[in-house]
Amino acid sequence: MAPDRETATRERPQTGATAAGRPRAPRLDQPRPPRRRIVPEWDPEAFGRLSERIARFLGTGRFIVWMTVVIIAWVVWNIAAPRHLRFDPYPFIFLTLMLSLQASYAAPLILLAQNRQDDRDRVNLEQDRKQNERSIADTEYLTREVAALRMGLGEVATRDWIRSELQDLVKELEERRRHDGHAVIPAERAERSPGRDADDR
């Protein structure tokens, strides 16, 4: 019973002054009906790809060879064929018209393909510029990190420094051996003089 009551309230026409003066607004919970268009619709991306294929073919040697063969066959047929089979006699007006038509279509297609290529190049250049900016930022960061590591390593004992200290210690032990006549190890020397260690404590 409840759904019938709701549909009845929805379908009930509005009465009073508000119903007469206010136009009916489109419902927001439903999509708009499609508009009728006089101009036919087409996919610009598909048309652009087709124009690029045509422009790419027009820029090849195959197209020039085929166009030359067609023109030569056209001229030879209209000169050597019997008079009643010729469809474009000597001034070749129809051939000129066809070549003009081909050129008038080829130029916009080539321009469209060039515009699409320019758009792609612009996007690629923008991406390359952003990539270069990221690379420069990463390089600067790594440079700062390497400089900080070098500054930190300046305070750390390196292998060369330890080696030089050990060499100095060995030289000092050799000099003591020469003076005393026998080797004296610092640990044995500390054991021989316990009073001195006690005094140092």
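Hi everyone, let me start with a pair of side chains: R122 and D119 meet in a salt bridge, with N and O 2.9 Å apart. By salt bridge I mean a side-chain nitrogen of Lys or Arg within 4 Å of a carboxyl oxygen of Asp or Glu. Before going on, a word of care: this is a predicted model, where local features need pLDDT of at least 70, side-chain atom pairs count only at pLDDT 80 or more, and totals for chains, interfaces and linings use all residues. Residues are numbered from 1 along each chain as its sequence is written, and side-chain values use heavy atoms, with hydrogens and water left out.

Back to our pair. R122 and D119 both sit in helix α5, three residues apart, or about one turn of the helix. Helices here are DSSP runs of H or I with at least four residues, numbered from the N terminus. R122 is exposed at 53% relative accessible area, while D119 is partly exposed at 41%. For those words, buried is under 20% relative accessible area, exposed is over 50%, and partly exposed is in between, using a 1.4 Å probe and protein chains only.

R129 is partly exposed at 39%, and E126 is partly exposed at 33%.

How many salt bridges are there by this rule? The count is seven. One of them joins R120 and E52, whose closest N and O atoms are 2.9 Å apart. That pair links distant parts of the chain, with R120 in helix α5 and E52 in helix α3, 68 residues apart.

Is E52 buried or exposed? E52 is buried, with a relative accessible area of 11%, whereas R120 is partly exposed at 34%. Helix α3 covers residues 44-58. Leaving out residues up to four places away in sequence, E52 touches A113, R116, Q117 and R120; a contact means heavy atoms within 4.5 Å. Salt bridges also link E45, E52, R116 and R120 in a network.

Now for the rings. A pair of aromatic rings is described by the distance of the centres and the angle of the planes. Rings of Phe, Tyr and Trp (its six-membered ring) pair if their centres lie within 6.5 Å; planes under 30 degrees apart are stacked, over 60 edge-to-face, and the rest tilted. This rule gives four aromatic pairs. Among them, W74 and F87 are edge-to-face, 5.0 Å centre to centre with 70° between the planes. W74 is in helix α4 (residues 61-80) and F87 is in the loop between α4 and α5 (93-153), 13 residues apart. W74 is buried at 14% relative accessibility, and F87 is partly exposed at 48%. W74 also pairs with F94, this time tilted, at 5.5 Å and 35°.

Which residues line the second largest pocket? W74 turns up again, along with others including F63, W66, M67, L99, Q102 and Y105. Helices α4 and α5 each supply at least two residues of that lining. A pocket is found on a 1 Å grid over the protein atoms alone, as an open set of points where a 1.4 Å probe fits, with protein on both sides within 12 Å along at least five of seven lines; lining residues have an atom within 4 Å of a point.
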